[in-house]
Amino acid sequence: MNPLHTEYQRSQLRTYLVVVCLAFTAAVFDYFIALNQRIAQHQNLLNSAVEDLEHQFSPLLHLMKVLKADAELTLLAQQQSDSSKPLPGMVWPVSEQQPDASLSDNEVAMLQQLSTKLQHSQRSTLLIRQFSYVSNRGVWYSPHETRTAAHELTSQLYWVQKQQQHKLTGPEIRLHKVDAAEAVFLLAIPLQRKDQYVGELLLDFDLATMLKLVTKGQRGARIQLLNDVGQLLLAVEKMQVLANPSDELGHHSDNLKGLEQLNLTLHLEPLHTASLGSELLNFFGHLMLYLVTLMLLSLYLRRRFKTKVLSPFHRLLVHIERLRRGDNQGVRNVPADWVQVFHQVEQIRTSAADLQNER
């Protein structure tokens, strides 16, 4: 029996096992490399979105700080209000406990000094809707001459929300969401006089437009803005504000990044989020690609071994058997690579015959 053929049959199962193991290992490495590249790409998109949003917030925050410095300087000087110069705008109380509260003379003088700057600043960019001021005694001031129902509702809801907040030390500038007829977003910065809280300067701005501008370069990804406690403030996708966005942040915690200037967090969800089924299908595709490639390579090598080694060796055994029986000639059509081996076998037979004749 041909020992090479026996070993050839034994190695078939081992070859299949080795091919499967190599294909699985290569597919795992390839899949995780591709997954790492996708995660890195998503992180780069998130970083660029955060930088873009920070760039849009920067002029607004700088303006708020400048107005705060001017207002506190006026309060510190304790200037009296000019009775001959009326305060432009509207004033109304928002506190139910103090319905007759009014602004102090120092606050009126401060607002008289700021009114012109507030009007010019409001016209400086389309993102700014209007400025407001709320006193610690519950008095709301708006530089507009008209008092709309929506603005009055916003002021009342903001005051209630402000009273419900904990008196903890927070950032200098905060972002508040007021759920009125439509969501209103206010930037609030406190005003102080000799470490005594006086009120807050408020900026109503168009946050939805800011996020829409951010989504332009994010390949259709969904952008969600969260506050410091993880509550969703606003979500934008394909230049549209989502009314009821699905909250699936638990599955995408790696796509979260906080803003440096405000205590906010940005979440970016790619347009095509791979599910478990698609991820398994992707891995199965990698596995089949390597499995088919290695299996074809294995079949080619086994066929070459069978053609170049196993079949000539079998012909050599047949050749030896014929010579042993005393045939004048063994097999014909000797493979070119095995000609020398066949000649050596014939030489051994001739030497053996000569030795037998000498005896």
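Modeller: Two strands pair if DSSP finds at least two bridges between them. With that criterion, the part to examine is strand S7, residues 222-226, in what is a predicted model. The mean pLDDT of the protein chain is 80, with 87% of its residues at 70 or more. Confidence falls below 50 over residues 249-253, a stretch that has six contacts in the model beyond near neighbours in sequence.

S7 has a pairing partner in strand S11, residues 265-269; the two run antiparallel and share five bridges. One of the residues involved is Arg222, whose bridge partner in S11 is Glu269. S7 also pairs with strand S8, residues 232-237, again in the antiparallel sense, here over four bridges. In this pairing Gln224 has Ala235 of S8 as its bridge partner. S7 and S8 form a hairpin with five residues between the strands, and Gly230 in that hairpin adopts a positive phi near 85°.

As for the side chains, Arg222, Gln224 and Leu226 point one way from S7, while Ile223 and Leu225 point the other way. Residues on both sides are buried. The cut-off for that term is under 20% relative accessible area. Because five of the five residues of S7 are buried, the strand is largely enclosed by the rest of the structure.

To bring the strand together: S7 pairs antiparallel with S11 over five bridges and antiparallel with S8 over four, and Arg222, Ile223, Gln224, Leu225 and Leu226 are all buried.

Methods: Residues numbered from 1 in each chain as written. Heavy atoms only, no water. pLDDT = per-residue confidence, 0-100. Contact = heavy atoms within 4.5 Å. Buried < 20%, exposed > 50% of the residue type's maximum accessible area, 1.4 Å probe, protein only.
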